[in-house]
Amino acid sequence: MSALVNAIVMLGMLVIVPAGLRLTDRPELDRTRRLWPFFAVPGAIALWLPRGATATALACGYAVGTVLLALHAPRRAARGRDLDPAGIALLTALVTPAVAATALVAERSGHELFGFDLGILALTVPHFHFAGFTAALIAGLVCRVADSPAGRFAALSVPIGTLLVLAGYFIGDWAELVGAVVLTAGMWTVGLLTWRMGRTEGRDRTTRLLLLSSAAVLVATMLLALSWALGEATGLPHPTLTWMAATHGLGNALGFALCSLLAWRRIRTDDPGRTGVLSDIELPDMELSATELSETESRTA
């Protein structure tokens with residue numbers, strides 16, 4: 001299981017996060033994205049080293065990158081930006097890699113952070129790259145396109161469910177089950193809206209296949225997440241952590257996260273307007289430009 005989890009985490013560090021940041025169309029994130037390999041490569045190396053000082057130092061290097069990314073969230077919120085449902089999902093995506101990096105540093109140092117054993121900390125790392133960063137990012141993108149109650153529900157329930165799952169780590173299994181239910185509801189809504197996008201006329205075959213695949217995978221992977229959380233809370237039979245890593249973890253990494261990002265990348269390349277990702281153009285600046293243009297035309301006349 002360790003090798004599989006490490007491979008999944010490497011995918012998240014080296015591919016998923018930078019690809020996701022590119023889809024945000026936020027210019028202030030460009031520098032962090034360009035520098036990301038300098039943080040992610042040491043973090044990926046740390047996964048394969050024995051626990052100790054070297055692995056911890058490399059993991060700390062990755063943590064620095066995630067903190068720089070997370071700091072964008074409060075700055076944008078303080079300026080009143082990204083406070084709509086889709087924006088809240090984006091802010092959640094910016095913060096969650098730092099949660100994963102914190103768990104990674106603790107696990108690589110052999111420290112049972114907050115009393116959690118090293119195995120749980122190791123699984124927290126992929127969880128907050130995929131159920132955290134990728135799920136929130138895709139929920140926000142879907143909400144931009146499907147500006148409907150379902151889209152807004154998805155954009156809000158995914159961050160809320162992720163936070164409830166995190167809180168459940170500290171409160172208990174029943175609280176974690178509540179978080180899993182909310183997160184599953186949000187992810188299934190994302191899957192439904194993504195499926196509808198995949199059935200839209202005019203999309204090329206590859207993009208449609210990627211969208212439909214990611215939507216279908218969510219049905220199975222989130223059902224597994226529910227069964228595991230229910231079993232932990234009630235004692236009913238449920239999949240083992242090894243089985244969850246090989247099914248839920250791998251399915252979310254490849255079937256949902258990678259397919260979704262590839263699909264959105266193709267949509268953006270083919271027709272940027274169809275992504276629904278809003279650029280940071282200030283309306284007052286646009287109005288000023290229009291006024292200046294009008295004055296210029298008057299002088300010309």
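**Close-up views of a predicted model**

View 1. Most residues other than glycine have a negative phi. Asp25 counts as partly exposed because its relative accessibility is 26% (buried is under 20%, exposed over 50%, partly exposed in between, with a 1.4 Å probe and protein chains only). This is a predicted model numbered from 1 along each chain as its sequence is written, and side-chain values use heavy atoms, leaving out hydrogens and water. Local features need pLDDT of at least 70 and side-chain atom pairs 80 or more, while totals for chains, interfaces and linings use all residues.

**View 2. Phe114, another positive phi.** Phe114 is found in the loop between helix H5 (85-109) and H6. Here phi is near 55°, again positive in a residue other than glycine. With 61% relative accessibility, Phe114 counts as exposed.

**View 3. The whole fold, for orientation.** The protein has 11 helices and zero strands, so from the N terminus on the elements simply read α-α-α-α-α-α-α-α-α-α-α. Of its 301 residues, 48% are buried.

**View 4. The largest pocket.** This pocket has a volume of about 720 Å³. Leu123, His127, Tyr169, Glu176 and Trp228 are the closest to its centre, out of 31 lining residues. Helix H1 (2-24), H6, H7, H8, helix H9 (205-234) and H10 each give two or more residues to the lining, and H6 gives the most, with seven. By type, the lining splits into 19 nonpolar, eight polar and four charged residues. (On a 1 Å grid over the protein atoms alone, a pocket is an open set of points with protein on both sides within 12 Å along at least five of seven lines; a cavity is a set where a 1.4 Å probe fits but cannot get out; lining residues have an atom within 4 Å of a point.)

**View 5. The second largest cavity.** Helix H6 (118-145), H8 and helix H10 (241-270) give two or more residues each. Seven of the lining residues are nonpolar, two polar and none charged (nonpolar is Ala, Val, Leu, Ile, Met, Phe, Trp, Tyr, Cys and Pro; charged is Asp, Glu, Lys and Arg; the others, Gly among them, are polar).

**View 6. Ala175 on H8.** Ala175 lies in helix H8 and is partly exposed, because its relative accessible area is 21%. Val165 is 10 residues away from Ala175 in sequence, and their C-alpha atoms are 7.3 Å apart.

**View 7. Val178 on H8.** Val178 also has its place in helix H8 (residues 173-198). Its relative accessibility is 46%, so Val178 counts as partly exposed.

How values were computed. Helix = DSSP H or I, 4+ residues; strand = E, 2+ residues; numbered from the N terminus. Points joined across faces, edges and corners; volume = space filled by probe spheres on them.
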